[in-house]
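Hi everyone, thanks for coming.

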Amino acid sequence: MPDTFPVPEIVLVDDEEMVLTSVRAFLTLETEGNIHCFTRPAEAIRHLEFHPADVVVSDYLMPGMNGVELLIEAKRLQPEAARVLLTGHADKQSAIRAINEAGLFHYLEKPWDNAQLLLILNAAIERTQLLRRLQTMLAQLDDAQDAMKHVQTRLIKAFL
Amino acid sequence: MENGSRNPATPGALHRQRDPAAEGEDTAALALVGHLAGGILHEISSPAASLSSNIDTRQRLIEALGATLALEGKPNPKALQALEVLRSLQEVDRLACDRITALLGAWKSTARVAEDPLGPVEIEGVLADAVRLVNAEYRRRIQIELHTAPAVPVWGAAAPLGRAFLNLLVNAAQAIEGEGRIVVEIEDCGPMIEVRITDTGSGMTAAVQQQIFSRGFTTKPVGTGTGLGLLLTRQIIEDQHRGTIRFKSSPGQGTTFFVSLPAARKPHEEP
């Protein structure tokens, strides 16, 4: 059982390169995480198919696929990874859909406040990593229980 | 009283009834401008958000640099000087960006076309946004005072209310020639919340007063007025919000508009 959590993996998706650069610059300064940036939703999905992420932050309006559709796909691929919508397009309908269907961790509007973004991402990462640790521990508990049963059976057999 | 006539040679251009074809053209032009404005708003939002974030990140870097320099026994004076210049530029950038962001926010909340259901709306915020937008155009010659006491929310939809007040404020500003003042007040009148917008403009003659809510009526120069603003404002206030809009005006003394909107009071707050 490791005592420290792994380096956070952060996925950022926005069709504006500019926004990605800004968020990446800030997060590089303030977090220890690896930051993966994508301007195309399809590329982000390909990344998520093979690489575990702790948090996925997506813009809403993007060509090809909107942020809610992307986050729904991210949820299917990695349900435990937290999902954040960062949007300049404040529309109640899309917000409701994002919260209900993509199981959103947080809905954040542009312009974002860096300090608030950091708080949200740290909370999201902590949640994902605790969830993953819990899954590992439950699996270990299952294994241990199986082993116990095995010992018990052998003990019973030995006495019979 | 000439009723603010700027061009006495062509009195026909004032107080005119617009012909329906021109009105249709204006409406189409307005729709196009509105559509473009929506696109521009979205296009400016992202770069503005980026700038705002970068200014914050740069501030953190400047502070870190300052702390590192302070650790050195004899910091390089050129480096200290550069840091000072960076700090002052940073301050200006922060102010500039905050101004852009506030204006975009006001524009966004006022221009929303999505049909939101009616609900409690903080009227002070709506008025502050409308004042912000009008200030962008008129603050050099017109001083707008917004007197807000902590008011009970009204029952309504923020975006159309914002447009209604924006209309009244723009009218007030346009009624003022040269320098002047607009005062916006909110009063809690029990079941209704009253907003009063008073200008020090030219006021209206009795003849104008009778027609201001008529479709196509305008006193503004050709190309400025559509003759629809007050009509739409009344529709928003009276039809959509079950409120009332009244005014008091005398030529040469200015105009006050009184807008009453239903208060969104919780049962236990009933006065």
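Let's start where the two chains meet. Between chain A and chain B there are 7 residue pairs in polar contact, both residues being at pLDDT 80 or more. A polar contact here is a pair of N or O atoms within 3.5 Å; within protein, one has to be able to donate a hydrogen and the other to accept it, and residues adjacent in sequence count only if both atoms are side-chain atoms. On chain A, α1 (17-30) and α5 (114-159) each supply at least two residues of the side that touches chain B. The largest share of that side, 7 residues, comes from α1(A). By type, the residues on that side divide into 10 nonpolar, 3 polar and 5 charged. Helices (H or I, at least four residues) and strands (E, at least two) are DSSP runs, numbered from the N terminus.

Quick note on the ground rules. This is a predicted model, so to speak: local features need pLDDT of at least 70, side-chain atom pairs count only at pLDDT 80 or more, and totals for chains, interfaces and linings use all residues. Residues are numbered from 1 along each chain as its sequence is written, chains are lettered from A and ligands numbered from 1 in the order in which they are written, and side-chain values use heavy atoms, with hydrogens and water left out.

Back to the interface. 18 residues of chain A are in contact with 15 residues of chain B, contact meaning heavy atoms within 4.5 Å. The area buried between them is about 1,500 Å², and carbon and sulfur atoms give 54% of it. Buried area is the accessible area (1.4 Å probe) that two parts lose on being put together, summed over both.

How many salt bridges are there between chain A and chain B? The count is 1, and the side chains that meet in it are Glu30(A) and Arg60(B), at 3.0 Å, N to O. A salt bridge is a side-chain nitrogen of Lys or Arg within 4 Å of a carboxyl oxygen of Asp or Glu.

Now, inside chain A. In helix α2 (residues 41-50), Pro41(A), Ala44(A), Ile45(A), His47(A) and Leu48(A) are buried. Buried means under 20% relative accessible area, exposed over 50%, and partly exposed in between (1.4 Å probe, protein chains only). Seen down the axis of α2(A), its buried residues fall within an arc of 160°, so they line one face of the helix. That arc is taken from the directions from the helix axis to the C-beta atoms. These buried residues pack against β1 (9-13), β2 (34-38), β3 (55-58) and α3 (67-77) of chain A.

On to chain B, with 6 helices and 9 strands. Buried residues make up 41% of its 271 residues.

Here, Asp93(B) forms a salt bridge with Arg58(B), the closest N and O atoms being 3.9 Å apart. Asp93(B) lies in helix α2 of chain B and Arg58(B) in helix α1 (residues 20-71) of chain B, so the pair ties together parts that are 35 residues apart in sequence.

Finally, Arg196(B) pairs with Glu187(B) in a salt bridge, closest N and O atoms 2.9 Å apart. Arg196(B) counts as buried at 16% relative accessibility, whereas Glu187(B), at 35%, counts as partly exposed. Both belong to a network of salt bridges that also links Glu185(B), Glu194(B) and Arg246(B).

Key
Ala, Val, Leu, Ile, Met, Phe, Trp, Tyr, Cys and Pro count as nonpolar, Asp, Glu, Lys and Arg as charged, and the others, Gly among them, as polar.
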